[in-house]
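Open the model in your viewer and keep the selection tool at hand. The stops below tell you what to select next.

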Amino acid sequence: MPYAKTRSGLFGLALALFCQVCLARPIVHHDLQVSLRPSGGALAVQDTITLPERTSAVEFLLHANLEPEPAPGVTLTPIEYIEKGFPVPVRRYRARLATPGNRFGLRYEGVIRHSLEQISKDYAGDLSQTPGLILPEGVFLSAASHWFPIIGNERLTFSLRSTLPEGWRLVSQGRALDGGWEEQSPQDDIYLVAAPYRVYRRPGPIAEALVYLRDADEPMAQRYLEATERYLDLYSRLLGPYPYAKFALVENFWESGYGMPSFTLLGPTVIRLPFIIHTSYPHEILHNWWGNGVYVDYASGNWSEGLTSYLADHLLREQRGKGADYRRATLQRYADSVGQQEEFPLTAFRGRHGQASQAIGYGKTMMFFHMLRRQLGDRVFLEGLRRFYRDNLFRSAGFGDLRQAFEAVSEQDLSGQFRQWTTRTGAPALQLGEVRVEEAPAGFRLSAVLRQTQPGPAFRLQVPVLIQLDQKPLPLRHTLIMTGKQARLELDLGARPLRIKVDPQFELFRRLDPSEIPSSLGQLFGSEEVVIVLPEGAPPELKSAYRKLAEGWARRAPGLKILWDRQLDGLPPGRAIWLFGMENRLRGRFLEAAAGKPFSLGEDEMKIGGRTFPRTGHSLVLTSANPAAPGQTLGWLAAHSAAAIPRLGRKLPHYQKYSYLVFAGDEAGNILKSRWPLADSALNITLPAGVGRPDLELPRQPALTDILSN
Ligand SMILES: [Zn+2]
């Protein structure tokens, strides 16, 4: 019988994969029958709970609004009401079984309706969350809602069936059942998501792809189904088998960006942004390996965001030859937003709550994996990841388990690297000095000194140094090992060296030298103290729209001050200054600071980055360092119309890595975004210094996925 075969096959697999888990952490099974009444915010549940062993009493937590009734043979005593410490008020119960056993039943119902709250307070913070919500538009319940009995911190498996209003569909983890879902691998949560949905499906060789949309949109659904299959295939080949039976894109009824086991719950705007299918979407799919496949042992630090960013966001750019750009932007975000006070070690990262925690928890972790890969080589690095996945699937794992896996495959002691990058705060800062070229018998001798200038002890580093040689198409690559705060480079070269570059492809986690960072919106949005200067002389409608935008940003950035240009004779002091308005009296100061940049403002048109735009119909956003005040970044926002201003206000926080932008019309559609070109930096100098000489493009680095086709 095919059914029995499947079951026994599964059981064998489960035993092979998870027996360690079963020993380590007992598993509770829930058989849930749910009926939802969205108009009243209510649900009614019948749960049959199977415990890992026979017992006569068990304690559990349940949402305080839900009134449980035990099945015959079970008595229930409420023992505690807990209002604080959980996302919702809960009650603790003790269930006594008249005859000791491992199974008991409960029935309960009640209202769960907690309002949405904004998650983060930074400029881009338009995501919300709720610990549980049943509304006529849709339902979102998770373990945080305590909508099912929570027993200890034990892992669980479940089956979930539901009676829903006409036209509604239910989504949860795992495999589809008739009228519901089940998951046999140990889980941390049981999600219950429901709404009126159009469902699109595509069976695939790895798992079924599903799309749940609130309104029919066949072309978009097909794009997501195709992308799902492609990424499941990519990551299964790269890392090991996908651990679930399906993957679903589910449209939420508020703006969210959740990655759950075997589905992602994204907001209606997010889903329709054209770049999401190549950025957030593969990131959420990959979380089924990191975070929802191998669970995170949060007590020892959340490694999963950095690893997911590295193998999704970074890898997909690396495949297009843009890996170094992505790493540079990552380091720039760190330099722009992390000051001394915001530092913490990776072992203390739980989740992001603003730009600084993201720059460390995602950015620094990502760079740590990149350095590990460079040290071990692509093949061994990948083997380590596969081993980590195989050994820890459906278990909680930490940096220690990662270290074990990488040490096992590389036969190297990696304790120093893991200690330095995960338990220590901060970053090394590099300085190149005493560069000399001398003629030598066999050609030339190049010598230089590299220093680490950060406070505190040295970081152990393998610093890539590239030398551009006369008449040679490719640069010479040398790795300088730094064990102290200073290291001497001495190279005998057969040809004349023309240029020396230290870490030009941003392979190290380090604090960038200011000369390596073009001015960007990120410096304005990442700054603790910001001043916005409003244009008194602007037409009333524009004036009021600028003021509203400034006040809106001020609510999200406590260190933001608003001034009018008539109050000022010159630029105020401070790390970051925004000038608003074409009419701003201080506009000339900005143009002085930006002199020499590829930008000019004419009567009717403006030239920027080699392109020309009519002044009417276009909004302009420019940044510049202020040469008169080192460390100060200036921004100038000149909007085309009052209608464009609030749209620019929402969009700009998403363009932080750029130096200049142009937007078209009242809609403020972006038509130009770029960074100012950088002249030579302190770590990229010509030999002898100061000679004008083109900087050759560096060869493309192989992508991690190149291994799959070799
Ligand atoms: Zn993530």
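Predicted model: local features only at pLDDT ≥ 70, side-chain atom pairs only at ≥ 80, totals over all residues.

Residues are numbered from 1 along each chain as its sequence is written, and side-chain values use heavy atoms, with hydrogens and water left out.

**Salt bridges.** The structure holds 28 of them (a side-chain nitrogen of Lys or Arg within 4 Å of a carboxyl oxygen of Asp or Glu). Select Glu59 and Arg94: their closest N and O atoms are 2.9 Å apart. Glu59 sits in strand S2 (residues 42-63) and Arg94 in strand S5 (residues 90-111), so the bridge ties together parts 35 residues apart in sequence (strands are DSSP E runs of at least two residues, helices H or I runs of at least four, numbered from the N terminus).

Next, select Arg566 and Glu536. Their salt bridge has its closest N and O atoms 2.6 Å apart.

**Helix pair.** Show H5 (residues 304-318) and H6 (residues 323-337). They pack at about 140°, axes 7 Å apart (lines fitted to C-alpha atoms over the stretch in contact; angles run from 0 to 180 degrees between N-to-C directions). From H5, the contact (heavy atoms within 4.5 Å) uses Asp313, His314, Arg317 and Glu318; from H6, Gly323, Tyr326 and Arg327.

**Leu133.** Finish in strand S8 (residues 133-135), where Leu133 lies. Leu133 is buried at 4% relative accessibility (buried is under 20% relative accessible area, exposed over 50%, partly exposed in between; 1.4 Å probe, protein chains only). Beyond four places in sequence, its contacts include Ile112, Phe140 and Phe253.
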